[in-house]
Every structure is written in C-alpha cells, then in structure tokens.
Amino acid sequence: MNKIYQVYQVSDSTGETLDRIFLAIKSQFSDFECKTIHYSFTRTKNQADKIIAKCNEEENVIILYTIVDNNLAEYLKSQCNKYNIPCYEALGGLISGFSKLLKQEASHKPSAQHALDEEYYKRIEAVQFTMSHDDGKIISDIHKSDIVLIGISRTSKTPTSMYLANRGYKTCNIPIIPNKELPEQIVKNSEKVCTVGLVCDPIRLADVRKNRVQFLHEDRPKDYIDEKKILNELENSKKLFKKYNWPTIDVTRKSVEETAASIIKIFDILNTK
C-alpha cells in the first residue's frame, strides 16, 4: 500500500500561488497520494512553532512554503531540519526534491496540471453545485455541501462561494433575512458541515448596497440602505453566529481571495479534528 503524504502548505499570504505550484508538481507524479493542509497568513515564529508541533504528531509530512521574510523562512527551515521534516521553498528545485523523496522520475510533461483528470471534474462539479445553491435557492441537499456561508445581504457570499467552488469546494450560501428565522435544516446541517458567518463594517456595507440599488435598479425596501437598520442586521447576525458557535469572518478589508483562504483554513482545521 502506498504512503499517503500529509502536505502542509505554509504561506505568509493567501496561499493561492503555493496551491497552484503544488498542483503543477503533483501532476508530475502518477503514484503520489496525499492530503493537503493549508496554513495561510503565517507571519510569526509562534505560528511556525504551532505548525511544526502539528507536523510532529503526523507521519509522512512534507512542508512547502512561500515566505518573503528571510528570517522567518530560515527559522521554519531550521526547525524542519531539527525534527527531520522534509521542507521545500516553493520557488526552489521542487520537482528535483520531490523526485528524490518519492524515488520517482518526474515525467517532465509540460502543462500536465491541465489534464482532464478527477480533480478537474471535481472542480466542475463544485462550480455547478455552488451555482445552483446560490442565495439559498436549494437547501434540501445542503448536507452535500463542503462549506456553507451565512450572512446578511451584500457580505460577499456569492463571489466568495464561486471562488471556493473554483478551488473544488461545494459551497452553499444562505442569506439572513430580517425578521425571518433560518430554516431548521440549515442549523442541524451546520453540526456536520463547515459553516462560516460573514460580517462587514456597517458604513462600508451601506455604501455597497446604495451603489447596487442605484446601478442595478433593484427593488428593495427603503430601509435596505439605512445605516442604523444595517447595524441592527449585523448585530443580530453576530448573535446568531455566536449562538451556534459558527466561526465568523469580517470581510470589510479582505479581498475575495483572502476571505476564501481564511475559510479554507477553518475547513482544514475542522476536518483534521
């Protein structure tokens, strides 16, 4: 039986570049089974120590990293050497390093990562699922989701869902409607599926709503763009997230990529428990 490697992707940013690099490397080896664990926004020695401690609890661990801080990068590398953990900087001789570790010759096939393989179809399926489950359209099979996003109107649920779908995660997003309870099915499902609440600064949210109503001529209630009403909606959503112990992300100053990276990190943590 082949080894199953635990590939820790450690980045000081969203990890998007690192994920793409690893996909290209993985495609070079036909007999390489692995599970990836993402550690984005790693910027301190304390964070690095926690990652090393986690690695020491596992077998067949490989660490890939993209860290621009030379001191932190050297520290991570020295700790890996100390505990004999294979560790590679993403812009180094990765294919050569993996070839030695796996005792396989790389295929050196150009653009191998673009093959129509199982991973490709998984992403297509995730996109189709996410589109059909946008804005709470379907909840009858919500248990099939990998991730469920919940938040009031215009908290970036849809764009974040689509980004996650393109990363291969089946994502369902549910709007919180004022004076309306969430369906019980959603609450029960959250015990089994990664459920994340999204919030935003009320002033910023008011501006986003005003612009959308103005340019798309949406038919909305008059208080839809009222800052006091929005603040009340946000406070109620936070109470809801706290009630069910759902992780919460403030999207105010985050790009969709950053929000998605944080969600994937939560997903990975929940699925390693």
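The following legends describe an overall view and several close-up views of one predicted protein model.

In this predicted model, local features need pLDDT of at least 70 and side-chain atom pairs count only at pLDDT 80 or more, while totals for chains, interfaces and linings use all residues. Residues are numbered from 1 along each chain as its sequence is written, and side-chain values use heavy atoms, with hydrogens and water left out.

**Figure 1. The protein chain as a whole.** The chain has 10 helices and eight strands. Helices (H or I, at least four residues) and strands (E, at least two) are DSSP runs, numbered from the N terminus. The C-alpha trace spans about 65 × 40 × 35 Å along its principal axes. Of the 273 residues, 45% count as buried. Buried means under 20% relative accessible area, exposed means over 50%, and partly exposed lies in between (1.4 Å probe, protein chains only). Among contacts with a separation of 6 or more, 78% come from residues 24 or more positions apart; a contact means heavy atoms within 4.5 Å. The chain exposes about 15,600 Å², of which carbon and sulfur atoms supply 49%. Accessible areas come from the Shrake-Rupley method with a 1.4 Å probe, and for residues only the protein chains shown count as cover. The mean positions of the 40 positive and 37 negative charges are 2 Å apart. Lys and Arg count as positive and Asp and Glu as negative, while His and the chain ends are not counted. The place of a charge is taken as NZ of Lys, CZ of Arg, CG of Asp or CD of Glu.

Figure 2. Side chains of opposite charge can pair when their charged atoms come close. A salt bridge is a side-chain nitrogen of Lys or Arg within 4 Å of a carboxyl oxygen of Asp or Glu, and a search of the whole structure finds 12 of them. Glutamate 16 is found in helix H1 and is buried, with a relative accessible area of 16%. Arginine 20 forms a salt bridge with glutamate 16, with the closest N and O atoms 3.0 Å apart. These two residues are separated by about one helical turn because they are four residues apart in helix H1 (residues 16–26). Arginine 20 is exposed, at 58% relative accessible area. Arginine 167 also forms a salt bridge with glutamate 16, the closest N and O atoms being 3.0 Å apart. This pair links distant parts of the chain, 151 residues apart: arginine 167 is in the loop between helix H6 (157–166) and strand E6 (171–175), and glutamate 16 is in helix H1. Both arginine 167 and glutamate 16 are buried. Leaving aside neighbours within four places in sequence, glutamate 16 is in contact with Tyr163 and Arg167.

Figure 3. The side chains of lysine 188 and glutamate 184 meet in a salt bridge, 3.1 Å from N to O. Lysine 188 and glutamate 184 are four residues apart in helix H7 (residues 184–189), so about one helical turn separates them. Lysine 188 and glutamate 184 are both exposed. Elsewhere, salt bridges that share partners join Glu16, Asp19, Arg20 and Arg167 into one network.

**Figure 4. Two surface patches.** Patches are made of residues with over 30% relative accessible area and no salt bridge; like charges are joined within 9 Å, and nonpolar side chains (Val, Leu, Ile, Met, Phe, Trp, Tyr) within 5 Å. Asp201, Asp207, Asp223, Asp226, Glu227 and Asp250 gather in a patch of negative charge. Aspartate 250 is in strand E8 (residues 248–250) and is partly exposed, at 41% relative accessible area. Tyr120, Tyr121 and Ile124 form a nonpolar patch with about 290 Å² of accessible area together. Tyrosine 120 is in helix H5 (residues 118–132) and is partly exposed, at 36% relative accessible area.

**Figure 5. Threonine 36 in strand E2.** Threonine 36 lies in strand E2 (residues 33–39) and is partly exposed, with a relative accessible area of 24%. Not counting residues up to four places away in sequence, threonine 36 touches Val7, Gln9, Phe22 and Asp268. Threonine 36 and valine 61 are 25 residues apart in sequence and 9.9 Å apart in space, C-alpha to C-alpha.

**Figure 6. Two loop residues with positive phi.** Phenylalanine 41 is not a glycine, although its phi is positive, about 55 degrees. Phenylalanine 41 lies in the loop between E2 and helix H2 (45–55). Arginine 154 has a positive phi of about 70 degrees and is not a glycine either. Arginine 154 lies in the loop between strand E5 (147–151) and H6, and at 25% relative accessibility counts as partly exposed.
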